[in-house]
Structures are given as C-alpha cells and as structure tokens.
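Here is a briefing on a predicted model. Please look at the structure, then read the points grouped by topic.

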2 protein chains.
Amino acid sequence: MQRVPARIGDPLAAVETPALVVDLDAFEHNLDLMANAVRGSGLALRPHAKSHKCPDIAKAQVARGAVGICCQKVDEAAAFVAAGIANVLVTNEIVAPAKIARLAALARSATIGVLVDDMRVIADLSAAASLAGGTLHVYVEIDVGAHRCGVASGEAAVPLARAIAAAPGLAFRGLHAYHGAAQHLRRPEQRLEAIAAASRQAADTKAAIERAGVACPVVTGAGTGTWQLERDSRIYTELQPGSYVFMDADYLRNALSPDQHHFEHSLYVLATVMSTPTPERAIVDAGLKALAFDSGPPLVHVARGLEYVKASDEHGVLEVDPKRAQPALGDRVWLIPGHCDPTVNLYDWIVGMRGERVECVWPVAARGALG
Amino acid sequence: MQRVPARIGDPLAAVETPALVVDLDAFEHNLDLMANAVRGSGLALRPHAKSHKCPDIAKAQVARGAVGICCQKVDEAAAFVAAGIANVLVTNEIVAPAKIARLAALARSATIGVLVDDMRVIADLSAAASLAGGTLHVYVEIDVGAHRCGVASGEAAVPLARAIAAAPGLAFRGLHAYHGAAQHLRRPEQRLEAIAAASRQAADTKAAIERAGVACPVVTGAGTGTWQLERDSRIYTELQPGSYVFMDADYLRNALSPDQHHFEHSLYVLATVMSTPTPERAIVDAGLKALAFDSGPPLVHVARGLEYVKASDEHGVLEVDPKRAQPALGDRVWLIPGHCDPTVNLYDWIVGMRGERVECVWPVAARGALG
C-alpha cells in the first residue's frame, strides 16, 4: 500500500497530490437520496461495490438499509467479507476451480451469491460448496441487452435453473438481468425503452422457470443510469447501482428525465500545478496513472478557463483560456474523473473532506483485486 | 497488496488470471539488445523505471551496465532506493514542500537527480538538500517538442543553470531534453526530423549555458521510439528508454527504419474465457481494471480469429471469426496491452514465465506510487 496522502484533521493544503478526494456532504447526499428512494418500494438495495472497493463505504450503505453489496471478483468479495460485510453477490461468472473454492469458503461466514450462464460450471460450484460445508446462492444471468455474458432470455434459462435447484450446496435464487449498455444511453426515452424491453425479458424468463416448477424469487439488476426504471418495473426485486455514490463526467452526459433523481459529483482527483511553462499551458501531476481515460479526460471542476486536453503517464496538460489568469505553480486543481470505477482502482486511499478539512481516510481495500 | 497469482515452479495452467506475465526469454533479449547497443557508445544508459515499477527489473538493467534508473515520482524513487538502486533521476518537476523534503532525504543514501523548469523552486530544493545534509543533482528541463514541462531552449535555461550552480546543496548536472511526442511518430523520417531538431535545441542550450561559465556535462533524454537517434546525435550523453523491456501494441504501430533494432513483445495480460454466450462472442476476465485503454484495446496474441472489441470494468468482449473455432470456457488468452506503463501500474505482481513454467514472481513495488 502506498503512503497515506493526508491525516485526519488536515487542512486541504496538507493533502498530497494526486489524491482521490470525496466531498462527504455530496457523498452522503447521494447515499441518502438512493436509500430514501428505494425504501418503502418493496425492493432491496444492493449497491455495487466495484465502484468504490471500500469497506467503509459499503458499511455506510448497509447502515442506510442496503441488504448487502455486489462485487465482480472473488477477491473483492473476500476483502468485503473480511471487513464485516455479511451479504455479497458476485455479479459475475466464476469458472476457475481455485476461485470457486475460495468463493465457497467465503459462504461459510457470509451469504454469498454468484452468477451462472453455462451448465458446465454448476457441478464445480456444487462440489466446492459441499466440500466447504456452506451454501452458495446462485443466479442465472440472462442477456437483456448488454450483449456481454448471460444466456438468452426465456426458455434457455430453464435448464440452468433446474440444475442449480437440484444441486447439493447450491440454492437457486433467481435472475441476474443487468442492462449495462442502457446506463449510458443519453436520452431518457432510450433508457426507458431499453429497460422496458429488459423487464419484459426478465418477466418472460421468470415465468418460464416457474412454469417448470422452480421458484424464482429474485430478479436483480439496474445501475445508476436506469435504477428508477427497474424500481418501477414490477419485475425487478433488487437494485444494484454503484456509481451514484460518486458520479463521474460520463454520467453527467446523460440527459435526465424530469422525474429523475439528481446525484451530485462527490469524487475528485485533487491535482497540483507543477509547471507553468507558457501562458496558455499549465501542467498538473495527474495523468494516465491517476485517472481512467476510457470515458474521456476529466473535467476541471469550477470553471476557471482550464481544460484538461492531454495526458501522459504522470502529467496532465491544461489549456488555459487566454482571457483568464493562468494558475500559479503549486495551485490545486479539482478534476472530475471521466469514469469513476477504474479511477478509484488506481488509489490505495480515499480522502474524505468535510469542507476544507480531512474528516476520514479510507483504505480502498479491494483496490487491484483482480482474482 | 493483492494475492500472488502464481508460485515459482507452477505450470502455466496454475497461474490465476488476469495476471501480468512476462516472457523472460523475450524480456532478456530486450535487455541485452539495449545494453549491447549502448555499450561502447560513450553514452550512459539510465532506463526509465516508470514502465516497470519493479526493483527486480531495475537490478537486471543495472547488472547489464545501466548507470541507474529514471523515475517520475518521489515515492517511486523511494521504492527503488529502498530496494538498493543507488542512482535515481526523477525526470520531473517536484514542487510540493513535503515531496521536496522526502527527495532530499533520499539523497543522503543515493545519488538523486531532479528537474527544474521554474526559478521559484530552486530555493526550496536548496534549503531541503542543505537541511538533509545531502546534495541533489539538478537538471534544467527544456522543451524540445513535447510541449509539456520545460523552459524554451536557448537563453531561457541560462539563469536557471546559474542559480542551481550557485545554490548550496545543489549540483547542476545538465539538461533534460526528452521529446516524448516523437516516440510514437509512425514514420522513421518523422522521428529523425524530430530528434534532429531536439538535438539542435539541446546543443544550443548547452552552448549558451557554457558561454555563461557554467559546466553542462549531461544531456539526458530519449525513449524507446527514438533512442538510436539520440545515441548518434553527438549531443546527448545519457539515454532513458523504458518501454523497450516490454513493448506494447502502440509501439508495434511504429514503422521501423532498416537499421532500427527490433524489441520483442515480452509483456502480456493473461486472461481466461469466462463465458461463451453465443458462437460469435467470448468474454474474458480482463477489462478496464486489468488493461490500460488510452492507446486502444489490447491485441490478441497468436492469431486465432479473436479480436478484443469492447471492455467494461471487469470484462473484455472478444469477437470470434465465424470461420474459426470459438474458444472454450476456461481457455487462456494472451493479450498484448495497448500501452505498457499504465497497464503495469494496475498489478501488484509480475509473473515471469520461462516457456511453460513460472520462474519468478516479482513485486511491482512502486505500483500506485503517485506522490
């Protein structure tokens, strides 16, 4: 683990850069808004922890009523279980025997779920769970439009559900129906249409499984871009949004519908101006190793005529509006990452700021958990 | 630090994925080729360790004659000094007082260099070096075409050189003249022209500084795309290539001149097929958190009709050529990263393979060293 970039009680000026900083007021607003919007709906909230990889944040979500969390990797799940999170759904297919064994071992001390989209894995999961002496909760993943993993909706899921229900050590829980591609559709009507179709597919599949005599209590899915649609779908029973705790520049590009809740940016990369070689250029100390660029460059927070135009490994080039003053050497710049999840994964620590003071420093315990 | 993905002596099948794997035969070929091509030239080889962040690799470079290494961050330098590397040049401007203090402390036990492009930093560096009781080697960075940090070439560097030479605790060593933008110019003649211009600028600047009565023994720079040009420039005295140890998909896009040495790909992300939902699609377990995408998606090594077409956080979508067999669940896929440096920074371990066996597992000790 790398050096802690700040200490509790530090003023902003003492935070070493580049640092991953959370504005706690905005962050808590986001947590409360989601918790309140799901509470009373009859649906479970199971936020995705791949966005934050941070047990302190998972605990804050559970404290507000989340039933547990989602992870994508077995080693992520292990980090959260070790930190006391008692209910983790790995929203992914796990096929390697060593990983299946670790997953099954976790199920001795926590409620652990996992996805399946291939008949050949069920026997391995069952054997591992039986050997470990626990029960794995298993969900069939159906492809509702993301075109990634998952079997086709409808009848294709039935043999899988049956096999899981019959397998020792496994409990069939229901369907994983996450439409990742819908999250970043820019217009509300596009997202509405996508989730309406996903909901129909999930409903058809649930009906087919139940016609086969297998109970299918859970339909889980949804993300930050669409969760209100799944909540109101009458078929989803559990919501998995992750990015809402932080938001990012890419989610800012989604047009919101009038009734859609607004989450605030709470996540920043705090950078420092390390060179001002010409009046139209300032260089900051945050580049490709401090920010993810898959969704474009970061936005510069608080308009001051600066645009982040180019990154190299450890440098960011800011273009300075000629009508504005150039930042000075040593000035701090707040950057809104293009994509929060892979940006968070670059850091060992999240610095929580309340106004101008450091209130907490949280380990990103599952940072780099690839296995 | 995350779980070690393999143990020494393991067969390939036991390596957990995604894993960062180095083909040791290709890697050693690259190290030897560079060492031999610089040896006898009169120039020093100071490879850039930002590419590998790994003390074991730095030691292999020094064992082959490198005078030391380059780093970009103070905490990177600290990791290498702690591992026994005695000579580190931080090829970057360091302006934060806490970082300057740490850098100066390192200079008590190692030869430490740093760049300056702003008069205001020199007093801070001098005070910190004096307080620590060491000497910092200081280089003036000139902008020879990268348009990032650095003062203009020529007379602008003279006052900086003078001030450094006169400052207690500092030793003026020369010029940093790295043309980053030239490394990825695709045609040999473009690179030739760029480095010819950079060399003229470096020569003019050195002459101006020496006319002012300040010795300027070192001109340091160059990267994997152009180092033969700087080597033969008659003005550069030290070469800083980094990526040559690994190579990547982006360097593969450079056309080579007939006399240009060929480095082999030695770095791979080993991934596993975790889902085969349709005949034309296979999903691997390496996405945005296992590969850097700033230079595009990875190439699939050994053509077998697979193309990596889309990434999400923890998934990669491979398109399968309909005329070829679909890979099977659990199959291994070797991916050549688009850009090696930020990809390496995602991993805690490098797995060194000799043929089909794990020969070594090296910690990426400076992974995430942002400060």
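B:Leu170 is buried, with 23 other C-beta atoms within 10 Å. (Buried means 20 or more other C-beta atoms within 10 Å of the residue's own, exposed means 12 or fewer, and partly exposed lies in between; C-beta atoms are placed from the backbone.) The model is predicted: local features need pLDDT of at least 70, side-chain atom pairs count only at pLDDT 80 or more, and totals for chains, interfaces and linings use all residues. Residues are numbered from 1 along each chain as its sequence is written, while chains are lettered from A and ligands numbered from 1 in the order in which they are written.

**Around B:Leu170**

- B:Leu170 sits in strand E7 (residues 170–176) of chain B. Helices (H or I, at least four residues) and strands (E, at least two) are DSSP runs, numbered from the N terminus.
- Not counting residues up to four places away in sequence, B:Leu170 touches B:Leu125, B:Ser126, B:Ala129, B:Leu136, B:Val138 and B:Ile164. Contact requires C-beta atoms, placed from the backbone, within 7 Å.
- B:Ala129 is 41 residues away from B:Leu170 along the chain, and their C-alpha atoms are separated by 7.1 Å.

**Chain A overall**

- Chain A has 10 helices and 17 strands.
- Its radius of gyration is 22 Å, close to the 21 Å that the globule rule gives for 371 residues, so chain A is as compact as a globular protein of that length. The radius is taken over C-alpha atoms, and the rule is 2.2 Å times the number of residues to the power 0.38.
- Along the principal axes, the C-alpha atoms of chain A fill a box of roughly 70 × 45 × 35 Å.
- Of the 371 residues in chain A, 57% are buried.
- Among contacts in chain A with a separation of 6 or more, 68% join residues 24 or more positions apart.

- Eight strands of chain A form an open sheet in the order E2-E9-E8-E7-E6-E5-E4-E3, with parallel pairing. Strands pair if DSSP finds at least two bridges between them.
- Strand E2 (44–45) and strand E3 (69–71) of chain A stand at the edges, each with a single partner strand, so one side of each has no neighbour in the sheet.
- E4(A) and strand E5 (residues 111–116) of chain A run parallel, joined by five bridges. A:Leu89 stands opposite A:Gly113 in E5(A).
- Helix H3 (residues 74–82) of chain A packs on this sheet, touching E3, E4 and E5 of chain A, and its direction makes about 175 degrees with that of E4(A). Axes are lines fitted to C-alpha atoms, for helices over the stretch in contact; angles run from 0 to 180 degrees between N-to-C directions.
- Seven of the nine residues of H3(A) are buried, so the helix is largely enclosed by the rest of the structure. Among them are A:Val74, A:Glu76 and A:Phe80.
- A:Gly84 follows H3(A) and has a positive phi, near 105 degrees.

**The A–B contact**

- The contact takes 51 residues from chain A and 50 residues from chain B.
- On the side of chain A that touches chain B, E10(A) gives the largest share, four residues.
- That side divides into 21 nonpolar, 13 polar and 17 charged residues. Ala, Val, Leu, Ile, Met, Phe, Trp, Tyr, Cys and Pro count as nonpolar, Asp, Glu, Lys and Arg as charged, and the others, Gly among them, as polar.
- A rotation of 180 degrees with 0.0 Å of shift along its axis superposes chain A on chain B (RMSD 0.0 Å). The two copies are thus related as by a two-fold rotation axis. Superposition is by least squares on the C-alpha atoms of residues with pLDDT of at least 70 in both.

Conventions:
Contact = placed C-beta atoms within 7 Å.
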